[in-house]
Amino acid sequence: MSVTANAVLFAGGDSTPVITEVEYRAPRAGEVLVRMTAAGVCHSDLHVLNGDWPFDHRVALGHEGAGIVEAVGEGSDLAPGDQVVLSWYAPCGRCDACVAGQSWLCSASGAVTNGLPDGSTPITVADGEEARPYLGVGTFSEVTVVPRSAVVKIPAAVPPAVAALIGCSITTGIGAVLNTADVRAGQTAVVVGAGGVGQAIILGLKLAGASKIIAVDLSEDRLAIAQELGATDVFLGSDPDVVEQVRAAAGGSGVDFAFDAIGVPRVTSGMPDYLKPGGAVVLVGMPARDAEATITPWRLIVFGQRLLGCNYGSSRPQVDFVRIANLYLAGQLPLDLMVGERISQDRAVEAVQALTNPTGKRKIVEFH
Ligand SMILES: NC(=O)c1ccc[n+]([C@@H]2O[C@H](COP(=O)([O-])OP(=O)(O)OC[C@H]3O[C@@H](n4cnc5c(N)ncnc54)[C@H](O)[C@@H]3O)[C@@H](O)[C@H]2O)c1
Ligand SMILES: [Zn+2]
Ligand SMILES: [Zn+2]
């Protein structure tokens, strides 16, 4: 049976997203119908609204979320009532990257078409036009229909708001530290951009035992949050001496790891300035698709420094979501500290637009 639900549909260009009643078809074999409980508001939704990442079709916005399984296609190992986190990069399970255990590099994910693995969409709009779930999940909708590989069952004890954030910012940030960078106890790091992703990087650095966790942001409010989460030093990015301040705080010769959690090319170009010899820049924040940044190859070569790209925290959701949920339940990862204001679905768009001048913690769309 198909399900009628409200989705937040964006038609592109200068249009304003509208809450629209749509129909999700019933899950087929290998698919799951999830009733959403909570969705986080991530800057990657703003990239769609502000035209950084344009699409030629209408999208149901939202990509960070969690919910409860309502129905499953034939032969599923999941059951109605299971709590699941949505993964916005459902892997195909068959390509070379998937077989090698690097599902974040999957070359055949339906997510890139904002659809299901066969390229179709589960959404029908009453006016007969197509809408596609953003990154194959569309988590600002009341329900969603996704492939089995786009959901990860996690313990029921994890609160919905935390579960939702595990779907993007938390896994991206913690994975950037543990998987992409492989930070070791006693190493030093700067996190440039203390939004949801940067905050999760800070929690990951604390978990890894980093001795210096330095945060840089333009917002005093975000720097205060960074401190609450475990940053040892905080500096305003607008200060002309910020690089010297960070290097001095790290002991003079620079940091082992510099995390870019913004996605502004000018900032990206300056990231190697923070590094000590042998250090690495980890690129997590994402710019517009065609944006370019500059580097000085000579310096990277002579100082043996590296640039590491980080998609989805180099994480395997089926393993890493569960691991993160268990660390949280064991009291080793204070993920509640990342949860901000709870809002209703009709305020989702306003919350995405507010990330143009961000303050506070991650806003959570709650569904009732
Ligand atoms: N690589 C991935 O897999 C992945 C996953 C999720 C999000 N992202 C990207 O990560 C980025 C951050 O996402 P978010 O949700 O945390 O965003 P956000 O808007 O909540 O946070 C960005 C932060 O950067 C700060 N900032 C902006 N310009 C700055 C500057 N010049 N100097 C210092 N600080 C500055 C802002 O004040 C803000 O606190 C986005 O580009 C998003 O698309 C990437
Ligand atoms: Zn996101
Ligand atoms: Zn694959």
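By class, the shell around ligand 1 comprises 16 nonpolar, nine polar and four charged residues; Ala, Val, Leu, Ile, Met, Phe, Trp, Tyr, Cys and Pro count as nonpolar, Asp, Glu, Lys and Arg as charged, and the others, Gly among them, as polar. The model is predicted, with local features needing pLDDT of at least 70 and side-chain atom pairs pLDDT 80 or more, while totals for chains, interfaces and linings use all residues. Residues are numbered from 1 along each chain as its sequence is written, chains are lettered from A and ligands numbered from 1 in the order written, and side-chain values use heavy atoms, without hydrogens and water.

In total, 29 residues surround ligand 1, each with a heavy atom within 4 Å of the ligand. The closest are His-43, Ser-44, Asp-217, Tyr-312 and Arg-362. The table gives polar contacts, that is, pairs of N or O atoms within 3.5 Å.

| Protein atom | Ligand 1 atom | Distance |
|---|---|---|
| Ser-44, polar side-chain atom | oxygen | 2.7 Å |
| Val-197, backbone N or O | oxygen | 2.9 Å |
| Cys-310, backbone N or O | nitrogen | 2.8 Å |

Taken alone, ligand 1 exposes 870 Å², of which the protein buries 94% (Shrake-Rupley method, 1.4 Å probe). Helix H1 (43–49) gives the most to the shell, with three residues; helices are DSSP runs of H or I with at least four residues, numbered from the N terminus.

The axes of helix H4 (residues 169–181) and helix H10 (residues 317–329) come within 11 Å and cross at roughly 95°, the axes being lines fitted to C-alpha atoms over the stretch in contact, with angles from 0 to 180 degrees between N-to-C directions. H4 is therefore roughly perpendicular to H10, a class covering 65 to 115 degrees.

Technical notes. Helices (H or I, at least four residues) and strands (E, at least two) are DSSP runs, numbered from the N terminus. Angles under 35 degrees count as roughly parallel, over 145 as roughly antiparallel, 65 to 115 as roughly perpendicular and the rest as oblique. A polar contact is a pair of N or O atoms within 3.5 Å; within protein, one must be able to donate a hydrogen and the other to accept it, and residues adjacent in sequence count only if both atoms are side-chain atoms.
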